[in-house]
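Me: I'm new to reading protein structures and I'd like to know where the labels come from. Can we go through one together?

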Amino acid sequence: MKSNGYNEDGWDLYEEQTRCEFEEYACRKGYALARHPEYKWEYLNNSTGKVWDMYHHGHVKGRTWNA
């Protein structure tokens, strides 16, 4: 699978899409979505961060990228 490009911050577009989908899910489930001011991919709420880690691992980290 090939990367589908990068956004202006240098993040892969698929990873950014996954983050948006996660935040829609987390909002419906009542998780706090406040992000760390310096590290925008980190959430201030520890339980939100753990759920994001699991969601991210299942959707992004398990993919195989072709150069």
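Me: What is T48 in contact with, leaving aside its neighbours within four places in sequence?
Reply: T48 is in contact with F22, Y31, A32, L33 and Y43. Contact here means heavy atoms within 4.5 Å. Before we go on: this is a predicted model, where local features need pLDDT of at least 70 and side-chain atom pairs count only at pLDDT 80 or more, while totals for chains, interfaces and linings use all residues. Residues are numbered from 1 along each chain as its sequence is written, and side-chain values use heavy atoms, with hydrogens and water left out.

Me: Why is T48 called buried?
Reply: Buried means under 20% relative accessible area, exposed over 50%, and partly exposed in between (1.4 Å probe, protein chains only). T48 has a relative accessible area of 0%, so T48 is buried.

Me: Where does T48 lie, and what does its side chain reach?
Reply: T48 lies in helix α2, residues 46-61. Helices (H or I, at least four residues) and strands (E, at least two) are DSSP runs, numbered from the N terminus. The side chain of T48 reaches the backbone oxygen of A32 at 2.9 Å.

Me: How do you know that W52 is buried?
Reply: W52 comes out at 6% relative accessible area, so W52 counts as buried. W52 is also in helix α2. Skipping neighbours within four places in sequence, W52 is in contact with T18, R19, F22, W41 and Y43. Take R19: W52 and R19 are 33 residues apart in sequence, and 8.2 Å apart in space, C-alpha to C-alpha.

Me: What makes T18 buried?
Reply: Its relative accessibility is 1%, so T18 counts as buried. T18 has its place in helix α1, and among its contacts beyond four places in sequence are W52, Y55 and H59.

Me: How do you know that the span of helix α1 agrees with what it should be?
Reply: The expected span of a helix is 1.5 Å times one less than its number of residues. For the 17 residues of α1 (residues 13-29) that should be 24 Å, and the end C-alpha atoms are 24 Å apart, so the two agree.

Me: Which residues of α1 are buried, and what puts them on the same side?
Reply: E15, T18, R19, F22, E23 and A26 are buried in α1. They cover an arc of only 140 degrees around the axis, which puts them on the same side of α1. The arc is that of the directions from the helix axis to the C-beta atoms. The face turned away from that buried side carries the exposed residues E24, C27 and R28.

Me: Which residues make up the largest nonpolar core?
Reply: There are seven: F22, A26, W41, Y43, V51, W52 and Y55. The largest share, three residues, comes from α2. A nonpolar core is a set of buried Ala, Val, Leu, Ile, Met, Phe, Trp, Tyr and Cys residues joined through side-chain atoms within 4.5 Å.

Technical notes: Polar contact = N/O pair within 3.5 Å; in protein donor to acceptor, adjacent residues only side chain to side chain.
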